[in-house]
There are 2 protein chains.
Amino acid sequence: MKTAVLYSGGKDSSLMAVILDKLGYDVELITINFGVFDSTIPATNSANNLGFKHKVVKLDKKILTDAVEMIIEDQFPNNGINHIHHEVIEYLADEYDLIADGTRREDRIPKLKQNEIQSLEDRKGVQYVNLTGIGYKTINDTSARLFKLQKAESDIHNSSDYEMEIRVLLEQKGQDINEIFPQHIQSRVIGWK
Amino acid sequence: MKTAVLYSGGKDSSLMAVILDKLGYDVELITINFGVFDSTIPATNSANNLGFKHKVVKLDKKILTDAVEMIIEDQFPNNGINHIHHEVIEYLADEYDLIADGTRREDRIPKLKQNEIQSLEDRKGVQYVNLTGIGYKTINDTSARLFKLQKAESDIHNSSDYEMEIRVLLEQKGQDINEIFPQHIQSRVIGWK
């Protein structure tokens, strides 16, 4: 069963990968890039340090530019990020039998709704899995036990989230990035404990 | 971290236990009984065959009789089963640091809602985890790979679900059990593959 875990190098997607790996799935970590800025280095390093197979998948830049237009229109990132996530999942559903991402219980964006998951699985004949059954406290505890973590203010060099290429495009268009994406501290997985 | 997985001997709760075990939690499987009928034998056998610690917890029979009254009033099991599940989770939250059950993506009953989980975690200072991120196809595939399974028509001798003691009480009260709980085929975990 070809199994893809959408991978940013963060705790959530790393934990999703570990769970599927421990259940016997032959996991391939997938990091998406739209050719605007190479945001995939942090995820590639994390994946290599954990010893997982990892692939960068380049998708059509139009997915990103459409999302950035939505974000500029909304002056808020949610719809744009959700647009990217849905397009990515639809793409992966044609290539893999099981697709997973690290969205957890508290996540609102990006997240597939129950009916969207059902539709995806039925239309594409795939299985979709995420971390919705687990809350941030359990994810933090488990990650702190399993992984070496590095905390840093989010910037384009230490994360492979969709956010990174969005930030680059927004900046090119003269938008106030820190208004749309407030700075936050994030943890990156840099290896096993 | 004291970790309890509510355990029926079925695929879902077995898989939940395996995931937490593989993530390094010291898992104790808990099967509930209300003293009406010893429905705990199948779960005890499954737990022993998998090599997990297992404990039968006896709770106040009133929880069960209240549920059965609700079910007779409704002529439908959902509210009664949910009542039992909530009481059980509240009890376990006073005894353990992390509580898990095998409710999966498609389950409607018994299931804690998002706001109920948040309230539970905040009031009791516990963590709660379930399988809501995983659908039945993935659970079936994974279980078939990991476990020896035995399929049978559900009856009071091959499951440790809340349903079993409810059935006994309903029968004592002259209710038509098969009207309220239609017969179904269920899989019990009888060991590792």
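1. The two chains meet through the same surface, because 100% of the interface residues of chain B are also interface residues in chain A. Here two residues are in contact if their C-beta atoms, placed from the backbone, lie within 7 Å. This is a predicted model, in which local features need pLDDT of at least 70, side-chain atom pairs count only at pLDDT 80 or more, and totals for chains, interfaces and linings use all residues. Residues are numbered from 1 along each chain as its sequence is written, while chains are lettered from A and ligands numbered from 1 in the order in which they are written.

2. At the interface, 18 residues of chain B are in contact with 18 residues of chain A. Two or more residues each are given to the side of chain B that touches chain A by α1 (11–22), β5 (127–131) and α6 (136–146) of chain B. Helices (H or I, at least four residues) and strands (E, at least two) are DSSP runs, numbered from the N terminus. That side of chain B divides into 6 nonpolar, 8 polar and 4 charged residues. In this classification Ala, Val, Leu, Ile, Met, Phe, Trp, Tyr, Cys and Pro count as nonpolar, Asp, Glu, Lys and Arg as charged, and the others, Gly among them, as polar.

3. Chain A contains 8 helices and 7 strands. Its C-alpha trace spans about 45 × 40 × 30 Å along the principal axes. The radius of gyration of chain A is 16 Å, which agrees with the value near 16 Å for a compact globule of 193 residues. This radius is taken over C-alpha atoms, and the globule rule is 2.2 Å times the number of residues to the power 0.38.

4. In chain A, helix α3 (residues 61–74) and helix α7 (residues 162–172) pack at an angle of about 65°, with their axes 10 Å apart. α3(A) is therefore roughly perpendicular to α7(A). Axes are lines fitted to C-alpha atoms, for helices over the stretch in contact, and angles run from 0 to 180 degrees between N-to-C directions. Angles under 35 degrees count as roughly parallel, over 145 as roughly antiparallel, 65 to 115 as roughly perpendicular and the rest as oblique. Leu64(A), Thr65(A), Ala67(A), Val68(A) and Ile71(A) in α3(A) meet Glu165(A), Ile166(A), Leu169(A) and Leu170(A) in α7(A). This contact has 7 nonpolar, 1 polar and 1 charged residues.

5. α3(A) also packs with helix α4 (residues 78–95) of chain A, at an angle of about 160° and with the axes 7 Å apart. These two helices are therefore roughly antiparallel to each other. Among the residues of α3(A) in this contact are Ile63(A), Met70(A) and Asp74(A), and the α4(A) side includes Ile81(A), His83(A) and Glu87(A). By class, the contact of α3(A) with α4(A) has 8 nonpolar, 3 polar and 3 charged residues.

6. In chain B, the axes of helix α3 (residues 61–74) and helix α4 (residues 78–95) come within 7 Å and cross at roughly 160°. α3(B) is thus roughly antiparallel to α4(B).
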